[in-house]
Amino acid sequence: MNASEQAKELIREVFFLIGKGKKDKAISQLEKALSLAKEISSEYLQPYVLNEIAQAFFKLDKTQEAIQVVREVINITNQIIFTASRLEILLEVAKSLSEISSKTKNAQILQEALEIVKGILANITERPHIDIAHEAAVVLRNIIKNAESISVFREILAISAQLNDKNYRNMLMRNLSYRLSELCKNTTDTSFINNVLKLVKQIEPPSYRFKAITQIARHLAKTAERTLNSNLIQSALEISDKIPSEYFRSKIKSKLSILKDKAEKQ
């Protein structure tokens, strides 16, 4: 067997050992697989094998080792001349990272996936690569679903402007509006809420922006009812003024006004 076949066989064994709970043996075999992978002569095959090794390291909770391998994959892949092949490999790595981050909720892994997607989209200039851009947008959607960092959302807003396809831009904005409003559940941190609103103001089309504002006001009203936090009540009142629907605006403001009276009497 050549180096590639030997490495793949070892990787299969590693995942079997992980399933059996034999982590020490799995790590030992994975190190051997990594050495063999570095001997693979094909610049197209090597990154795929290394990516599998990175996924095994993640499975073993060896996050830093996994990220080191991922960065090695990126360095090797960036040397590939053919754009389509290069972008396809990078996309595969980004997908893998987004799947891992959804299970681990690891912000560092999420950021690594985001950086790869940014690189992919920055290098798509030809029509034959549009499908890759669309798949990259799906990875961004998965990042949105698991992210909690304002800076990540800010980056995705900027990246979305690079997408020519309206449907994919709308998909990102729909998911972003939902996620931003979701993060305003059960919080009395008005500074965080204000930062979220700054991002919400940038969401286009307006329909998603208005939905986010309405949902944020609802979440804050529920939290205010439970906590009677005066700062939160005032913040929610200001936000509710921006609700486009007169029905929902008056309903939420009425509730908040009652809560404000209760809080003042405490």
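Colleague: Where does N78 lie?

Modeller: N78 sits in the loop between α4 (63–77) and α5 (83–104). Helices here are DSSP runs of H or I with at least four residues, numbered from the N terminus. This is a predicted model, in which local features need pLDDT of at least 70, side-chain atom pairs count only at pLDDT 80 or more, and totals for chains, interfaces and linings use all residues. Residues are numbered from 1 along each chain as its sequence is written, and side-chain values use heavy atoms, with hydrogens and water left out.

Colleague: Why is N78 called partly exposed?

Modeller: Its relative accessible area is 42%. Buried means under 20%, exposed means over 50%, and partly exposed is in between, with a 1.4 Å probe and protein chains only. N78 is therefore partly exposed.

Colleague: And what makes R86 buried?

Modeller: R86, found in helix α5, has a relative accessible area of 15%, so R86 counts as buried.

Colleague: Which residues does N78 touch?

Modeller: Leaving out residues up to four places away in sequence, N78 touches R86 and L90. Touching means contact, that is, heavy atoms within 4.5 Å. With the same exclusion of sequence neighbours, R86 touches T77, N78, I80 and I81.

Colleague: What makes α9 and α11 roughly parallel?

Modeller: Helix α9 (residues 166–182) and helix α11 (residues 206–227) pack at an angle of about 15 degrees, with axes 8 Å apart. That angle makes α9 and α11 roughly parallel too. Residues in this contact include M173 and S177 of α9 and Y208 and I216 of α11.

Colleague: What makes the largest nonpolar core a core?

Modeller: A nonpolar core is a set of buried Ala, Val, Leu, Ile, Met, Phe, Trp, Tyr and Cys residues joined through side-chain atoms within 4.5 Å. The largest one has 93 residues, and L140 is among those with the most contacts inside it. Beyond residues up to four places away in sequence, L140 touches L114, V117, L121, I156, I159 and L172.

How values were computed
Axes fitted to C-alpha atoms, helices over the stretch in contact; angles between N-to-C directions. Helix = DSSP H or I, 4+ residues; strand = E, 2+ residues; numbered from the N terminus. Parallel < 35°, antiparallel > 145°, perpendicular 65-115°, else oblique.
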